[in-house]
Amino acid sequence: MAQSAVNGDAAPGPGAPEFDDIQGIARFGQGHLTAACFYLLRIADLAAAREWLGKAPVTNAVVRDPPPDKALQLAFTADGLRALGTSPAVLGGFSPEFFSGMAGDEARSRRLGDVGANSPGSWRWGGARHVPHILGMVYATPARLEEWKRELTGPLWERAFSVLECLDTSDMDGIEPFGFVDGISQPVFDWERRLDLQDVEAEYRNLTALGELLLGYPNEYGKYTDRPLLDPSADPDALLPFAEDLPEKRDLGRNGTYIAFRDLRQDVRGFWQFLAAEAAATGNTRQELAEVMVGRTMAGEPLVSPSEEPIIGVEPGEESRRNRFTFDGDRDGAHCPLGAHIRRANPRTADVPPGTDTALARLVQTLGLKHRAPRDDVIASARFHRLLRRGREYGSPLSPEDAVQPGSGDEDRGLRFLCLNANVARQFEFVQNAWIVSTKFGGLTEESDPLLGNRQAIAGCQVTDAFSYSREGGVRHRLREVPQFVTVRGGGYFFLPGLRALNYLARGR
């Protein structure tokens with residue numbers, strides 16, 4: 001996070017990451033640079049694009065004190081790599097999901113919930129007609145942003161690129177547009193590479209293998225995710241590092257990762273007006289209903305009690321108070337509903353159900369010979385599906401008090417959602433499909449994520465617009481006809497290369 005950018009680096013150990021080759025967003029998030037915009041570019045002149053990319057002042061992940069007042073990060077779609085002249089042999093090493101794109105086919109759109117109002121056919125960008133080649137993430141202090149943009153977008157830039165969109169962002173002081181404290185729960189990555197992975201883990205941890213974030217390092221399975229590996233002859237200038245797992249190959253993926261970018265519009269007025277109407281019927285306040293949908297108070301406190309035992313990867317302090325919890329003590333959703341947003345986004349599960357402590361009990365559970373509860377095998381282990389979020393809000397704040405007042409024609413507000421993950425299918429697409437969109441999450445039915453759900457009927461479940469929660473005394477209550485509050489306005493998969501790989505790609509090898 002922002003404060004980590006001013007702390008000293010740990011002494012490098014065996015196989016330590018090359019921070020000077022990693023783009024800074026993977027380590028810091030540039031949180032101290034509160035002004036930002038995201039350029040979506042298409043290559044207009046190949047020679048000029050290669051020249052600009054070769055000179056681009058991309059920010060790496062080396063700690064600086066004081067931290068910089070500006071930053072630039074660059075990522076590419078598969079179409080962008082093709083436009084750069086990347087060879088088919090190299091392109092074939094990228095993941096199939098990246099290669100086909102977020103809006104690549106109807107089956108993927110259906111799995112991601114991109115149907116109805118979310119359909120790529122209505123996107124502002126990322127659909128079939130408006131696919132960007134390059135994502136330019138520009139960050140600065142508020143006083144520095146406009147000058148920094150002018151420095152980057154000079155005559156060479158103007159020859160090289162056409163601008164599809166320049167997406168603005170807002171600094172809402174850590175509050176997302178619905179009014180909740182945001183950015184609380186993030187995985188902590190094992191930068192020192194000391195994590196001892198076990199075949200079966202009985203406790204949730206927040207410390208995550210580096211290979212879940214960056215390509216070229218072991219992931220939670222102890223394996224290396226597939227990525228483009230080249231014969232040395234394809235890299236005559238020796239720009240790329242050798243692969244750890246196959247030292248005879250050059251590793252184009254090392255220190256890179258994938259970005260899943262979702263441009264989300266939030267209907268803040270509709271959200272609070274729906275809850276105000278339901279509050280009158282349920283006896284809850286609109287804020288109470290909002291908090292059970294999210295699973296946290298508006299100030300960011302979880303609705304379940306903190307764990308008595310420490311959680312690996314959760315640091316002491318305020319972060320610990322808001323993040324040191326699991327749902328093991330609330331298995332029936334009496335405090336935090338089973339379908340609440342934070343439960344779906346990260347169910348904080350281990351490889352086996354809680355209480356499975358002995359080796360024999362773990363074996364019995366692994367073999368499927370005993371079920372403690374119907375939902376024990378419904379939710380997968382969280383450690384294989386973590387995402388690092390790097391999004392920014394846009395638009396101006398609208399308080400709940402103002403939102404419930406009559407109004408129309410509101411400005412757009414929402415989230416430029418970006419997450420980093422080394423395996424798009426197992427991380428972003430799994431979370432989106434199996435946890436966010438699914439109406440069967442945790443044994444539920446007729447419910448999708450109360451914030452992100454699209455409410456569209458699906459095969460075998462014609463109703464998806466419900467949300468259930470427990471009231472005082474354990475009485476279950478169900479909201480019906482919950483509207484769609486968040487709409488996808490654009491999206492795409494991008495490859496965020498290491499700096500040596502960026503240099504290689506810019507040369508058109």
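The charged end of Arg 416 lies over the ring of Tyr 394, 3.7 Å from its centre. Arg 27 is placed likewise over the ring of Phe 19, at 3.8 Å from the centre. A charge sits over a ring if NZ of Lys or CZ of Arg is within 6 Å of the ring centre and within 35 degrees of the ring normal.

The model is predicted: local features need pLDDT of at least 70, side-chain atom pairs count only at pLDDT 80 or more, and totals for chains, interfaces and linings use all residues. Residues are numbered from 1 along each chain as its sequence is written, and side-chain values use heavy atoms, with hydrogens and water left out.

There are 22 aromatic pairs, counted where ring centres of Phe, Tyr and Trp (its six-membered ring) lie within 6.5 Å; planes under 30 degrees apart are stacked, over 60 edge-to-face, and the rest tilted. Two edge-to-face pairs are tabulated.

| Pair | Centre to centre | Angle between planes |
|---|---|---|
| Tyr 39 and Trp 157 | 5.0 Å | 70 degrees |
| Phe 428 and Tyr 493 | 6.1 Å | 80 degrees |

Tyr 39 in strand E1 and Trp 157 in helix H7 are 118 residues apart. Phe 428 in helix H14 and Tyr 493 in strand E15 are 65 residues apart in sequence; helices (H or I, at least four residues) and strands (E, at least two) are DSSP runs, numbered from the N terminus. Phe 428 is buried at 2% relative accessibility, where buried means under 20% relative accessible area (1.4 Å probe, protein chains only). Tyr 493 is also buried, at 2%.

Technical notes: Buried means under 20% relative accessible area, exposed over 50%, partly exposed in between (1.4 Å probe, protein chains only).
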